[in-house]
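Walk through this model with the viewer open.

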Amino acid sequence: MKRITFNEGIAVSAAEKLVQGLGGPENIEDLESCIVRIRAIISDPLQVDEAVIRETNPIAVVSSGRYVQIIVGPASDDLVEEMQQVLEGAKVHP
């Protein structure tokens, strides 16, 4: 996974940061890649922190109700794969 260092001095992957910004693993119902964007269906829109998502420098973030699209460019497939690994790890280590 690619690592990004944030203000706290802690290195986390963009995938981990995106999962956090979407409200955590328990808030993500579905996740898929669509050409240049990440599509997420979430349980509670109030748990989404767009500022955290923007720390990963996406091209854009579009939210409508329970649907969030994060436009990231051609890296979307790889990021969704890494996000799925983060989600699977959260299921193993709650």
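A salt bridge here is a side-chain nitrogen of Lys or Arg within 4 Å of a carboxyl oxygen of Asp or Glu. R39 and E32 meet this test, their closest N and O atoms being 3.5 Å apart. The model is predicted: local features need pLDDT of at least 70, side-chain atom pairs count only at pLDDT 80 or more, and totals for chains, interfaces and linings use all residues. Residues are numbered from 1 along each chain as its sequence is written, and side-chain values use heavy atoms, with hydrogens and water left out.

Start with the overall layout. The protein has three helices and six strands. Both kinds of element are DSSP runs, numbered from the N terminus: helices are H or I with at least four residues, strands are E with at least two. From the N terminus, the order is β-β-α-β-β-α-β-β-α. The protein has 94 residues, and 37% of them are buried. Buried means under 20% relative accessible area, exposed means over 50%, and partly exposed lies in between (1.4 Å probe, protein chains only). The exposed surface comes to about 5500 Å², with carbon and sulfur atoms supplying 51% of it. These areas come from the Shrake-Rupley method with a 1.4 Å probe; for residues, only the protein chains shown count as cover.

Now find the sheet. It is open, has four strands in the order β3-β4-β6-β5, and pairs antiparallel. The edge strands are β3 and β5, each pairing on one side only. Neighbouring strands are turned by 15° against each other on average, direction ignored. For such angles, axes are lines fitted to C-alpha atoms, for helices over the stretch in contact, and angles run from 0 to 180 degrees between N-to-C directions.

Take the pairings one by one. Two strands pair if DSSP finds at least two bridges between them. Six bridges connect β3 and β4, and D30 has I41 in β4 as its bridge partner. Between β4 and β6 there are five bridges. Here A40 is partnered by V68 in β6. Strand β5, residues 60-64, also pairs with β6 over five bridges, with V61 opposite I70. β5 and β6 form a hairpin with two residues between them, and G65 in that turn has a positive phi of about 60°.

Return to the charges. Side chains of opposite charge can pair when their charged atoms come close. The whole structure holds four salt bridges. In the R39 pair, R39 is partly exposed at 34% relative accessible area, and E32 is partly exposed at 36%. E29 and R66 make another, with closest N and O atoms 2.4 Å apart. E29 lies in strand β3 and R66 in the loop between β5 and β6, so this pair ties together parts 37 residues apart in sequence. E29 is partly exposed at 47% relative accessibility, as is R66 at 33%.

K17 and E55 form a salt bridge at 3.2 Å, N to O. K17 sits in helix α1 and E55 in the loop between α2 and β5, 38 residues apart. K17 is buried at 6% relative accessibility, whereas E55 is partly exposed at 34%.

What surrounds K17? Six of the eight residues of α1 are buried, so this helix is largely enclosed by the rest of the structure. They are A14, A15, K17, L18, V19 and G21. Just after α1, G23 takes a positive phi of about 100°. V52, in helix α2 (residues 50-54), is buried at 10% relative accessible area. Leaving aside neighbours within four places in sequence, V52 is in contact (heavy atoms within 4.5 Å) with K17, Q20 and G21.

Finish at the largest nonpolar core. A nonpolar core is a set of buried Ala, Val, Leu, Ile, Met, Phe, Trp, Tyr and Cys residues joined through side-chain atoms within 4.5 Å. The largest has 21 residues, of which L22, L31, I38, I70 and M83 touch the most other members. α1, β3, β4, β6 and α3 each supply at least two residues. The largest share, five residues, comes from α3. Beyond its neighbours within four places in sequence, M83 contacts A15, L18, V19, L22, L31 and I38.
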